[in-house]
Structures are given as structure tokens and as C-alpha cells.
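Visitor: Could we go through this one together? I would like to begin with the strands and then move to other topics.

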Amino acid sequence: MAVSFVTGDVHHRACGICPSRRYPIGKFDVFERPTKECPFNPTDGHRYLSDGTPVCVHPEKVGLPAGRYKSMDMPLTVEVRLPDDLSEVVPYLRELLHGAAPILLEDLIEQASAEIQRAFPALDPLATLRRALS
């Protein structure tokens, strides 16, 4: 059996009944919010699409962007989009990296390094990322 995305971490922000606590990434969808498309099932307390796909409705808590990962076999990707204002770069990266699922961190750090060099050549990517992660 595959390991669930959130594994026993009682301090994780995912809800106690979140499908991320039962299924690995790719085996559930993530919606921006509850919709009629994924109604609450009072029998077990979960939300499902009509095809039975489990749905999380709190992307900010689970650390994954909204996506049809199971129902439409959508790949898990996140794109770093740095703000234009230099003073907003560290706060943006702090929020992005601290709220991201651990599986996304390596890719996000690589993207952020490249984007910092491209958008702000005078900034040291390593120092900027250290400030964001501290």
C-alpha cells in the first residue's frame, strides 16, 4: 500500500479527515473550496467527486495547489512568480516555501534561484533564500 501524503504528523495543518492523511499525492484531487461537484458525505465525513475521487478543499492547509491530480491525472507542478518589487521578494518566498508541501520544496528552491538571478541579477539567490527560510 502506498504511503499517505501526510504521515501521522499531528501538527500538520491538513484537516484530520483530509484525504492527504489517507492517500499519496496523485490519489486525490485538491479544490480551492467546497463545491457541489464534491459534496460532503455524512457517512464518512469526506468529500468525493461522482466517480469516487477523494477531494481536499483546503489547498493552503495541505500545501498543494488546487488540481485534478487523480480525476484528470494532472501532474503536480508549482511555478515561482517573483513579485516586481524587490522588497516583496523575501516575504513572497517565505510564504511560498513555508506553505508548500515538502515534496515540492526542492523544485521550488531551484526555480526560485533561477528566477532571482533572472529578475534581480544584483541579488544573491542563496542569501535571499536563506532569509526566506529562516
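This is a predicted model: local features need pLDDT of at least 70, side-chain atom pairs count only at pLDDT 80 or more; totals for chains, interfaces and linings use all residues.

Visitor: How many bridges join S2 to S3, and how do the two run?

Guide: Two bridges link S2 with strand S3 (residues 46–48), and the two strands run antiparallel. As for individual residues, Phe40 has Arg47 in S3 as its bridge partner.

Visitor: Now the cysteines. How many disulfides does a search of the whole structure find?

Guide: Zero disulfides are found. Cys18, for instance, is in no disulfide, and its nearest cysteine sulfur is that of Cys56, 3.7 Å away. The cut-off for a disulfide is a sulfur pair within 2.5 Å.

Visitor: Is Cys18 buried or exposed?

Guide: Cys18 has 5% relative accessibility and therefore counts as buried, the limit being under 20%.

Visitor: Let us change topic to helix H4. Which of its residues are buried?

Guide: In helix H4 (residues 125–133), the buried residues are Pro125, Thr128, Leu129 and Ala132. Viewed down the axis of H4, they fall within an arc of 95 degrees, so they line one face of the helix.

Visitor: What covers the buried residues of H4?

Guide: The cover includes helix H2 (89–99) and helix H3 (102–119).

Visitor: And what does Asp124 do at the start of H4?

Guide: A side-chain oxygen of Asp124 comes to within 3.2 Å of the backbone nitrogen of Leu126 there.

Visitor: One last point, the backbone of Asp73. What is its phi?

Guide: The phi of Asp73 is near 50 degrees, a positive value in a residue other than glycine.

Visitor: Where is Asp73 found, and is it buried or exposed?

Guide: Asp73 sits in the loop between helix H1 (59–62) and H2. Its relative accessibility is 66%, so Asp73 counts as exposed.

Technical notes:
Residues are numbered from 1 along each chain as its sequence is written. Side-chain values use heavy atoms; hydrogens and water are left out. Buried means under 20% relative accessible area, exposed over 50%, partly exposed in between (1.4 Å probe, protein chains only). Helices (H or I, at least four residues) and strands (E, at least two) are DSSP runs, numbered from the N terminus. The arc is that of the directions from the helix axis to the C-beta atoms. Contact means heavy atoms within 4.5 Å. A polar contact is a pair of N or O atoms within 3.5 Å; within protein, one must be able to donate a hydrogen and the other to accept it, and residues adjacent in sequence count only if both atoms are side-chain atoms. Two strands pair if DSSP finds at least two bridges between them.
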